[in-house]
Amino acid sequence: DPDRDGVPESVVAAREAGIRVVMITGDYLKTAIAIARNVNILQPQDDEQVSAVDCACLRPDGTYLPNERMDLLTSSVRV
């Protein structure tokens, strides 16, 4: 699907207002990264290895990570 009109500008405006913008999606990780770059959620300087994760890493052995580890992981994730 194409990006919706105004989304890239809205993401920039939110960031400039001090809002941390994240994207949660059911898309494949590479697709999610491409979308996030198109709409300014991921910026050129962002490291995809740190800023984008597959939700499977939140429950590596079938159970969710403890809250402390979840908070640490999600503090730097945008996608």
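**The largest pocket and its surroundings**

Reply: In this predicted model, the largest pocket is lined by 18 residues, and those nearest its centre are Met23, Ile24, Val53, Cys55 and Val79. The pocket has a volume of about 360 Å³. Its lining divides by class into eleven nonpolar, three polar and four charged residues.

Two of the residues nearest the centre of the pocket, Met23 and Val79, also belong to the largest nonpolar core. That core has twelve residues in all: Val11, Ala14, Val21, Met23, Ala32, Ile33, Ala36, Val39, Ile41, Leu42, Ala52 and Val79. Helix H1 (7-16) and helix H2 (29-38) are the elements that give two or more residues to it, and H2 provides the largest share, three residues. As a general background, nonpolar side chains in soluble globular proteins tend to be buried together.

Leaving out residues up to four places away in sequence, Ala36 touches Met23, Ile41, Leu42 and Val79. Two of these partners, Met23 and Val79, are again among the residues nearest the centre of the largest pocket.

Asn40 is placed in the loop between H2 and H3, and its phi is near 70°, a positive value in a residue other than glycine. Most residues other than glycine have a negative phi. With a relative accessible area of 27%, Asn40 is partly exposed.

The C-alpha atoms of Glu9 and Val39 are separated by 7.9 Å, although the two residues are 30 apart along the chain. Glu9 itself counts as exposed because its relative accessible area is 52%, and the cut-off is over 50%.

A contrasting case is Leu65, in the loop between helix H3 (48-51) and helix H4 (67-74). Leu65 is classed as buried because its relative accessible area of 10% lies under the 20% limit. Apart from neighbours within four places in sequence, Leu65 is in contact with Cys57, Leu58, Pro60, Met70 and Leu73.

These parts belong to a protein with four helices and zero strands, in the order α-α-α-α from the N terminus on. The C-alpha trace spans about 40 × 30 × 20 Å along its principal axes. Of the 79 residues, 27% count as buried. Among contacts between residues at least 6 apart in sequence, 61% join residues at least 24 apart. The protein exposes about 5800 Å², of which carbon and sulfur atoms supply 53%.

Key
Residues numbered from 1 in each chain as written. Predicted model: local features only at pLDDT ≥ 70, side-chain atom pairs only at ≥ 80, totals over all residues. Heavy atoms only, no water. Core = buried A, V, L, I, M, F, W, Y, C linked by side-chain atoms within 4.5 Å. Buried < 20%, exposed > 50% of the residue type's maximum accessible area, 1.4 Å probe, protein only. Contact = heavy atoms within 4.5 Å. 1 Å grid on protein atoms, 1.4 Å probe; cavity = no way out; pocket = protein on both sides within 12 Å on 5 of 7 lines; lining within 4 Å. Points joined across faces, edges and corners; volume = space filled by probe spheres on them. Nonpolar A, V, L, I, M, F, W, Y, C, P; charged D, E, K, R; others polar. Areas by Shrake-Rupley, 256 points an atom, 1.4 Å probe, with all protein chains shown as cover.
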